[in-house]
Amino acid sequence: CSKNGSCIICDYGKTRKENLTKKDITKIMGEIFNSLDKMPNVILLNSLGSILDTQEMPMENIMVLLEELSKINTKVIMFETHYLTINASILEIIKQKLGNKKVVIELGLESSNKEVRENCLNKYIDNEEFAKRVNLIKSFGFGAEANIIFGTPFLTTQEQIRDTIQSIQWCFENSIEMVNLFPINIKPYTLLYKLY
């Protein structure tokens with residue numbers, strides 16, 4: 001997703017540097033969690049867009065990250081990722097490494113309406129495939145969340161409201177337990193910013 005740069009609202013990849021090494025991850029995780037007086041109840045992991053995208057986070061780094069997460073006393077671990085990065089193999093690895101924690105996968109849907117996604121956001125998602133990946137997540141006993149945009153460009157206020165409500169309903173009808181609403185932001189280095 002980062003290298004495509006297709007979504008008009010995303011600036012992922014603009015400040016992208018080289019990937020961390022396995023050693024970097026171990027060091028950083030140790031420094032972060034050793035410096036805390038109290039361990040957080042929830043940890044949300046994302047990268048420049050998709051923590052489970054092996055082009056953004058090589059598999060050896062994901063393995064080290066999971067190993068480090070398995071050592072900490074946190075109840076809920078969330079991974080934000082693109083729906084196409086979800087497969088049985090990665091979910092099995094997560095289950096093996098984090099079996100004693102509640103795992104939640106957060107996916108960007110933005111809108112359940114294909115025309116809105118493609119024509120207003122330049123984002124391409126197959127709803128049927130998205131729902132299949134959610135069911136796969138659930139089959140591993142993991143939670144599923146979706147991100148929905150409020151304020152989609154090129155729509156009237158009434159159309160924005162209607163699309164948001166319909167998208168939330170679609171999520172709940174398709175086994176998604178929690179929906180995160182993201183008011184539209186116009187960020188530098190995005191096509192939306194240039195259009196604005």
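Q: What makes two strands a pair?
A: DSSP must find at least two bridges between them. Strands here are DSSP runs of E, at least two residues long, and helices are runs of H or I, at least four residues long, numbered from the N terminus. Six bridges join β3 (residues 102–110) to β4 (residues 143–150). Therefore β3 and β4 count as paired. The two strands run parallel. Glutamate 106 stands opposite glutamate 145 in β4.

Q: What kind of model is this, and how are residues numbered?
A: This is a predicted model, where local features need pLDDT of at least 70 and side-chain atom pairs count only at pLDDT 80 or more, while totals for chains, interfaces and linings use all residues. Numbering starts from 1 along each chain as its sequence is written, and side-chain values use heavy atoms, with hydrogens and water left out.

Q: Why are β1 and β5 called edge strands?
A: The open sheet has five strands in the order β1-β2-β3-β4-β5, with parallel pairing. β1 (42–45) and β5 (178–183) each pair on one side only. Neighbouring strands of this sheet are turned by 25° against each other on average, direction ignored.

Q: Why are α1 and α2 called roughly parallel?
A: Angles under 35 degrees count as roughly parallel. For α1 and α2 (residues 59–70), the axes cross at roughly 20° and come within 9 Å. So α1 and α2 are roughly parallel to each other.

Q: Which residues of α1 and α2 meet?
A: Contact means heavy atoms within 4.5 Å. Lys22, Ile25, Thr26 and Met29 in α1 meet residues of α2, including Glu60, Asn61 and Val64.

Q: Why is leucine 20 called partly exposed?
A: Buried means under 20% relative accessible area, exposed means over 50%, and partly exposed lies in between (1.4 Å probe, protein chains only). Leucine 20 has 44%, so this residue is partly exposed. Leucine 20 sits in the segment before α1 (22–35). Leaving aside neighbours within four places in sequence, leucine 20 is in contact with Ile25, Ile28 and Asn61.

Q: What makes a set of residues a nonpolar core?
A: The members are buried Ala, Val, Leu, Ile, Met, Phe, Trp, Tyr and Cys residues, joined through side-chain atoms within 4.5 Å. The largest such core has 41 residues, and those with the most contacts inside it are Leu69, Phe79, Ile94 and Phe130. A second, separate core of six residues includes Cys7, Ile9, Leu121 and Ile149.

How values were computed. Axes are lines fitted to C-alpha atoms, for helices over the stretch in contact, and angles run from 0 to 180 degrees between N-to-C directions. Angles under 35 degrees count as roughly parallel, over 145 as roughly antiparallel, 65 to 115 as roughly perpendicular and the rest as oblique.
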